[in-house]
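This briefing looks at a strand and its partner, and then at aromatic rings. Read it with the structure in view.

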Amino acid sequence: MRDPYEVLGVPRGATAAAIKSAYRKLAKKHHPDANKNDPKSAARFSELNSANEIIGDEDKRKQFDRGEIDAEGKPRFQGYPGGGDPRARGASPGGGFQSHSFRTGGAGAGGFGGGGGFEDILNSMFGGAAARGARPGAGGTFEFDPGSIALDLDLSVAMTVSLEEAVQGAEKRVRLPTGKELNVKIPAGVTAGQQIRLKGQGETAAGHPPGDLLITVSIAPHAFFKVDGSDLRVDLPITLYEAVLGGKIRVPTLGSAVELSIPKNTSTGRTFRLKGKGLPKPGGSGDLFVTTRIMLPDGNDAELEALMQKWRDGHPYNPRSDL
């Protein structure tokens, strides 16, 4: 994915408010429901969500700026401390394990000084596991048995999907710390925090079965919907005259838009329930809760002001009388 700052069109020093504003503006412009004849709109919308997931989150933004994660939120491969794999110290260039011999006894060439024997040294370094996996050879030498040393060859990566992708399923490309890339099928109905295991797609080492790839899924914030368990919530802007006179208003859902009947004299904050328009759950689907927000027109409108003054003088009321 491209640099998230570039995707949202904001500079690296942008404030959190500027990032949020840019995201909402672009998400509204490129939402698939508003671009049904553009096959690329879904990809652009997904890219916007992924970018906002990174720099719209304070902690992830700092990690990205420090170079700890990439543009998709995946940890950057930093290499192993000391130039080697701590899980395979002593590994030969071919990936197998070399045989090491150690002398017990006094301090001499290639030997260890001090009172403890070799088993004590192994116990102090490996908690006794290596000593149990070693076998004695002639002359008091020990050789490691590579089959007795367990390697952790699993790989873990993070993947961010849009809310639509989580509900409908998708195919995403993931880049591993090793540099390898894979196409991964995200099952429909995946939830935040769910882990997908791909057998045999982890790291490899001679003499050991390959590890697995563990993908932890997160869901990017949506431009309109807020997730509440298996329910969804959305704010619905309505005009002043729709609030007073009522009417039918189209409401976005994760599927196609539906019409909602707004009764007369609807106040801001009134919530309507659309049954079964939420997220899938065992035995059915959650609901969509729609909350109205009355929006006045931009700029000054002298005619509207005159109408309100006349109405105020003839119909005074105080909605704050109980406060």
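Buried means under 20% relative accessible area, exposed over 50%, and partly exposed in between (1.4 Å probe, protein chains only). Helices (H or I, at least four residues) and strands (E, at least two) are DSSP runs, numbered from the N terminus.

The model is predicted: local features need pLDDT of at least 70, side-chain atom pairs count only at pLDDT 80 or more, and totals for chains, interfaces and linings use all residues. Residues are numbered from 1 along each chain as its sequence is written, and side-chain values use heavy atoms, leaving out hydrogens and water.

**The strand pair**
- β12 runs antiparallel to strand β15 (residues 288–294), and four bridges join them; strands pair if DSSP finds at least two bridges between them.
- Opposite Arg 273 stands Phe 289 of β15.
- The charged end of Arg 233 sits over the ring of Phe 289, 4.6 Å from its centre (the rule: NZ of Lys or CZ of Arg within 6 Å of the ring centre and within 35 degrees of the ring normal).

**Aromatic pairs**
- There are two aromatic pairs, counted when ring centres of Phe, Tyr and Trp (its six-membered ring) lie within 6.5 Å; planes under 30 degrees apart are stacked, over 60 edge-to-face and the rest tilted.
- Tyr 5 and Phe 64 form a tilted pair, because their ring centres are 6.2 Å apart and their planes at 45°.
- Tyr 5 lies in helix α1 (residues 4–8) and Phe 64 in helix α4 (residues 58–65), so the pair ties together parts 59 residues apart in sequence.
- Tyr 5 is buried at 3% relative accessibility, and Phe 64 is buried at 8%.
- Trp 311 and Tyr 317 have ring centres 6.1 Å apart and planes at 90°, so this pair is edge-to-face.
- Trp 311 is partly exposed at 40%, while Tyr 317 is exposed at 62%.
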